[in-house]
Number of protein chains: 2
Amino acid sequence: MRKPISNTPPDERSTGNRLKISSSRPLRGDSQHNAATHGHTMYQGRLHGALAHRLGVDILRGTFKSGEILPNEIESSSKLAISRSAYREAIRILAAKGMVESRPKTGTRVTERERWNLLDPEVLGWMFETEPSQDFIKALFELRLITEPAAAELAAIRRSDEQVEQMRAALEIMKRDTLQTETGRRADLEFHHALIQATSNEALASLSSSIEAAVSWTTRYKARHNALTRDPVPDHERVFEAIERRDAGGARWCMESLIRMAHEDTQKTFHP
Amino acid sequence: MRKPISNTPPDERSTGNRLKISSSRPLRGDSQHNAATHGHTMYQGRLHGALAHRLGVDILRGTFKSGEILPNEIESSSKLAISRSAYREAIRILAAKGMVESRPKTGTRVTERERWNLLDPEVLGWMFETEPSQDFIKALFELRLITEPAAAELAAIRRSDEQVEQMRAALEIMKRDTLQTETGRRADLEFHHALIQATSNEALASLSSSIEAAVSWTTRYKARHNALTRDPVPDHERVFEAIERRDAGGARWCMESLIRMAHEDTQKTFHP
DNA sequence: GCTTTTTTTATTGTCTGACTAATGCCCAGG
DNA sequence: CCTGGGCATTAGTCAGACAATAAAAAAAGC
């Protein structure tokens, strides 16, 4: 059993600053009735990771605004009932993603949004935890519309036969299971992963895999809330066939249309 | 003065594992003669940041290979003569960038290269610390060739008058100071920054600013080692003029040619 | 002999409380 | 008005302990 931690110090008056963490669910799962709390997935893992997650979401959501200074380490960690070490490690994670900046005397301040690594896979994941702004979704799909058709084009030119087979297999599973199921969504990711590998460009791959992963969150969301989306398989099939016959222009065009469709569906879901 | 830290424990035999950190320069600057060690810029800053930097470079360089397990925290930190906390914070930074993964009992292992956030600005910076592979440079410029012309196109359509003025001012400074000087390079970055802002797409902006920053390292490198590069100002001017007259197609085309030129120069510098 | 369960053990994870160092701010002196 | 030196505040580093986790090894069951 864990040693009982030093309780909240008696001098509640110290500063009037209330710690404004959004979710008041405890970081650690030591409450007795730990049944899954409805929709929200309880973060399972290390303490520093859980806290980074929570703070990250709060920053993205605007609960902590850019330029704002977080309460100091002692106060924050004791209010959260965790050690300074765990708190600091969480802050290091956020800092590594460009979201906060710490200096002695000044404290830890939230940086300007411009400096956040919005395309970091984890940040992107946090972004879709709460419904992201329509502007951001638009920006993201605009970026996909720039990179993915180009990627499809490169894939059509550089693909290996093995990669074609991987894509074919993934597509087969998608056809059978649809995106309503977990295996179907995994197959979707595998399809795109094989495509990305076929570009032989690891910078492009790094970018695409971040975005794909984030977008797949929206897919899961769509599957839950809106059964009326188009069947994505035909679109994928057209892309696949173009790549199989090494038709660069066709692959580009089909991918472009695939993304436009996905964007439409996503918009309908988030902002009907 | 800092308290003298516990020296290397006498039992040197403990495990045969030698800690293979590339640069044997000490992490902290407490050696008496702290004169700038020739080319390499001594990392100035927090201990955890310095260590993350060093380990990051070592991983990218291949000194630690994917799948390899780092020596445990106790051993590592004591060999480096730093505390476990500082060491752990460094590891958290690397983990946040997807480069390592820690689990109890197993230890901390370097993840597969596919999972590294290669487009993280810091990682990109570490990448250019040692001469990156020609493949990677090719990939990076290929990505630029996909995104930046599209960005220029969007900028031409969406730019505000104020942004045009910012670009004009930056260009003026570039014309006067060239990329040989620090102010000239800063102006170059400002030019691209204003352009990116003009796209009104924060996802694209996040990507571009990472890449721009990395590429500007190569610019500095080029300025030092190879005076024979083309004058970049005319290229920039053409892009600017196209954006000023809201000529989307022209902006795209001029940006494309600008990047091709930059790529040629870079290749000549790194792999003559 | 093979599978399943329990125990061991190595390693990261967390906690505590102290000290160090950087740096913004105020105030005295020019 | 500016300037430089203390002072106070905060992150940074340190040390050593114990807890939790998961892999590996041992024991139990079939």
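Predicted model: local features only at pLDDT ≥ 70, side-chain atom pairs only at ≥ 80, totals over all residues.
# A quick tour of chains A and B

Chain A has 272 residues, and 26 of the residues in chain A are in contact with 26 residues of chain B.

**Chain A overall**

- Ten helices and two strands make up the secondary structure of chain A.
- Starting from the N terminus, the order of elements in chain A is α-α-α-β-β-α-α-α-α-α-α-α.
- Of the residues in chain A, 39% count as buried.
- Take the contacts in chain A with a separation of 6 or more: 67% of them come from residues 24 or more positions apart.

**Where the two chains touch**

- The meeting of the chains involves 26 residues of chain A and 26 residues of chain B.
- On the side of chain A that touches chain B, α3 (84–96), α5 (134–158) and α8 (202–225) of chain A each supply at least two residues.
- Which helix gives the largest share of that side of chain A? That's α5(A), with eight residues.
- Sorted by class, the chain A residues on this side are 13 nonpolar, six polar and seven charged.

**The hairpins**

- In chain A, strand β1 (residues 100–103) pairs with strand β2 (residues 107–110) in the antiparallel sense, over four bridges.
- Arg103(A) sits opposite Gly107(A) in β2(A).
- Three residues lie between β1(A) and β2(A) in this hairpin, and Lys105(A) in the turn has a positive phi of about 70 degrees.
- Over in chain B, strand β1 (residues 100–103) and strand β2 (residues 107–110) also pair in the antiparallel sense, with four bridges.
- Here you can pick out Ser102(B), whose bridge partner in β2(B) is Thr108(B).
- β1(B) and β2(B) form a hairpin too, with three residues between them, and Lys105(B) in the turn has a positive phi of about 70 degrees.

**Helices α2 and α3 of chain B**

- Helix α2 (residues 73–80) and helix α3 (residues 84–96) of chain B have axes that come within 9 Å and cross at roughly 110 degrees.
- That angle is why α2(B) counts as roughly perpendicular to α3(B).
- Left-handed or right-handed? The crossing of α2(B) and α3(B) is right-handed.
- From α2(B), the residues that meet α3(B) are Glu73(B), Ile74(B), Ser76(B), Ser77(B) and Leu80(B); from α3(B) come Arg84(B), Tyr87(B) and Arg88(B).
- This contact of α2(B) with α3(B) has three nonpolar, two polar and three charged residues.

**Two loop residues with positive phi in chain B**

- Back to Ala81(B): this residue is in the loop between α2 and α3 of chain B.
- Ala81(B) isn't a glycine, yet has a positive phi of about 60 degrees.
- Ser200(B), also not a glycine, has a positive phi near 55 degrees.
- You'll find Ser200(B) in the loop between α7 (182–198) and α8 (202–225) of chain B.

**Helices α5 and α10 of chain B**

- Helix α5 (residues 134–158) of chain B packs with α10(B) at an angle of about 155 degrees, and their axes are 8 Å apart.
- With that angle, α5(B) and α10(B) are therefore roughly antiparallel to each other.
- The crossing of α5(B) and α10(B) is right-handed.
- Residues of α5(B) in this contact include Ile137(B), Phe141(B), Leu145(B) and Glu148(B), while those of α10(B) include Ala251(B), Met255(B), Ile259(B) and Phe270(B).
- Class by class, the contact of α5(B) with α10(B) has 13 nonpolar, two polar and five charged residues.

**Zooming in on Met255(B)**

- Met255(B) lies in helix α10 (residues 248–270) of chain B.
- This residue counts as buried because 28 C-beta neighbours lie inside 10 Å.
- Setting aside neighbours within four places in sequence, Met255(B) is in contact with Glu148(B), Pro149(B), Ala152(B) and Val239(B).
- Met255(B) and Glu148(B) are 107 residues apart along the chain, and their C-alpha atoms are separated by 6.9 Å.

Notes: Residues numbered from 1 in each chain as written. Chains lettered and ligands numbered in written order. Pairing = 2+ DSSP bridges. Contact = placed C-beta atoms within 7 Å. Nonpolar A, V, L, I, M, F, W, Y, C, P; charged D, E, K, R; others polar. Axes fitted to C-alpha atoms, helices over the stretch in contact; angles between N-to-C directions. Parallel < 35°, antiparallel > 145°, perpendicular 65-115°, else oblique. Left-handed = near helix turned anticlockwise from the far one by under 90°. Buried ≥ 20, exposed ≤ 12 C-beta atoms within 10 Å, placed from the backbone.
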